[in-house]
Amino acid sequence: MTDALKITGLSKRYEKFDLKNVSFTVPAGSITGFIGRNGAGKTTTLKSIMNLLHYEQGEILVFGENMLKNELKLKQDIAFSLSEINYYQNVTIKKLTKVTSKFYKNFSYETFNKLCAHFNLDQNKRLEQLSSGMKVKYSLAVALSHNAKLLILDEPTSGLDPVSRAEITDLFVDLVKEGKRSILFSTHITSDLDKCADHIVYIENGEIIFTGKKDELMNRYAILRCEPEAVTDKLRGCFISSKEQFGQIIALVKKNDAIEKPGIKVLPPTIEEIMQYNEQG
């Protein structure tokens, strides 16, 4: 099956930052989480995919077709949303949708109205009256109303309360169930990825340091909770990084270096722990 998105050798230069040879895929029917610190290159990559900024080199294929050569056609099947809707804050949902719908040949008002009812979105409300969670739901309602097959979302759960975040991640899982849609979303709330993502792309200082199945990333590492007297110099040499907490030493190690014995407990890591300890190390 053709990948929903394939990026090869994407590079972009700024005065103080470079996007360096970024390559990864978003498999069809997958939820791919895009992680990295603020300033690591996530938004630059997403904007490059949508041809919203000029990049020096690289190739971007959407559904197997070159994005630059087939931009207008391919964007009919893409939904793109930055972390915040910052335009026309004093316009109602109804009026904004009337304008937005004209860009999509397959926009269905019947679907949009059903989704607004499902999300409890009042179409007579202005954007400035919507909470962050409702703005995300509005973006998704528009995306699904033109039957987008690839959703590219920048920090869609940022600023949401835990209940709203759970609703959004549950919705993502439902959207890809049949294998007809794919989602790429950047986030710094890595616990959301624990719940819904099956693939991870990890970017650090403009370079991809991991891309693949989430389980593959999780199986690379382990967390050790150690009593200080149980930590030998040899074991300490295996630490990617560590910290002291509540009288214990907690460290991230490669899974092959994780051995449970008296004074040392081996635990599976979260994505947040992998990212946090890697960045510190």
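Of the 281 residues in the protein, 48% are buried. The coordinates are those of a predicted model. Along the principal axes, the C-alpha atoms fill a box of roughly 65 × 40 × 40 Å. The secondary structure consists of 10 helices and 14 strands. When contacts between residues at least 6 apart in sequence are considered, 68% of them join residues at least 24 apart.

The largest nonpolar core contains 47 residues, and Phe172 and Ile183 have the most contacts inside it. The greatest contribution to this core comes from helix α5, residues 132-145, which supplies seven residues. Another core, of 25 residues, lies apart from it and includes Val26, Leu46, Leu150 and Ile152. With neighbours within four places in sequence left aside, the contacts of Ile183 are Val26, Ser30, Ile31, Thr32, Leu151, Leu153, Phe172, Leu175 and Val176.

Helix α5 packs against two other helices, α4 and α6. Two packed helices are described by the angle between their axes and the distance between the axes. For α4 and α5, the axes come within 8 Å and cross at roughly 150 degrees. The arrangement of α4 relative to α5 is therefore roughly antiparallel. The crossing of α4 past α5 is right-handed. On the α4 side the contact is made by Thr111, Phe112 and Leu115, and on the α5 side by Tyr138, Ala141, Val142, Leu144 and Ser145. Classified by residue type, this contact has six nonpolar residues, two polar residues and no charged residues.

For α5 and α6, the packing angle is about 15 degrees and the axes are 11 Å apart. Helix α5 is therefore roughly parallel to α6. Here the crossing is left-handed. Val136, Lys137, Leu140 and Leu144 of α5 meet Glu167, Ile168, Leu171, Phe172 and Leu175 of α6. By class, seven residues in the contact of α5 with α6 are nonpolar, none is polar and two are charged. Leu144 of α5 takes part in the contact with α4 and also in that with α6.

Helix α1, residues 42-49, is largely enclosed by the rest of the structure, because six of its eight residues are buried. These buried residues are Lys42, Thr44, Thr45, Leu46, Ser48 and Ile49.

With a relative accessibility of 62%, Asn120 counts as exposed. In contrast to Asn120, which is exposed, Glu155 counts as buried, at 9% relative accessibility.

A further loop residue, Glu15, lies between β1 (5-13) and β2 (18-26). Glu15 is exposed, its relative accessible area being 78%. The C-alpha atoms of Glu15 and Pro27 are separated by 33 Å, although these residues are 12 apart along the chain.

Cys226 is part of strand β11, which spans residues 221-226. At a relative accessibility of 0%, Cys226 counts as buried. Not counting residues up to four places away in sequence, Cys226 touches Val231, Gln248, Ile249, Gly263 and Ile264. Between Cys226 and Gln276, which are 50 residues apart along the chain, the C-alpha separation is 18 Å.

Notes
Residues numbered from 1 in each chain as written. Predicted model: local features only at pLDDT ≥ 70, side-chain atom pairs only at ≥ 80, totals over all residues. Heavy atoms only, no water. Core = buried A, V, L, I, M, F, W, Y, C linked by side-chain atoms within 4.5 Å. Buried < 20%, exposed > 50% of the residue type's maximum accessible area, 1.4 Å probe, protein only. Helix = DSSP H or I, 4+ residues; strand = E, 2+ residues; numbered from the N terminus. Contact = heavy atoms within 4.5 Å. Axes fitted to C-alpha atoms, helices over the stretch in contact; angles between N-to-C directions. Parallel < 35°, antiparallel > 145°, perpendicular 65-115°, else oblique. Left-handed = near helix turned anticlockwise from the far one by under 90°. Nonpolar A, V, L, I, M, F, W, Y, C, P; charged D, E, K, R; others polar.
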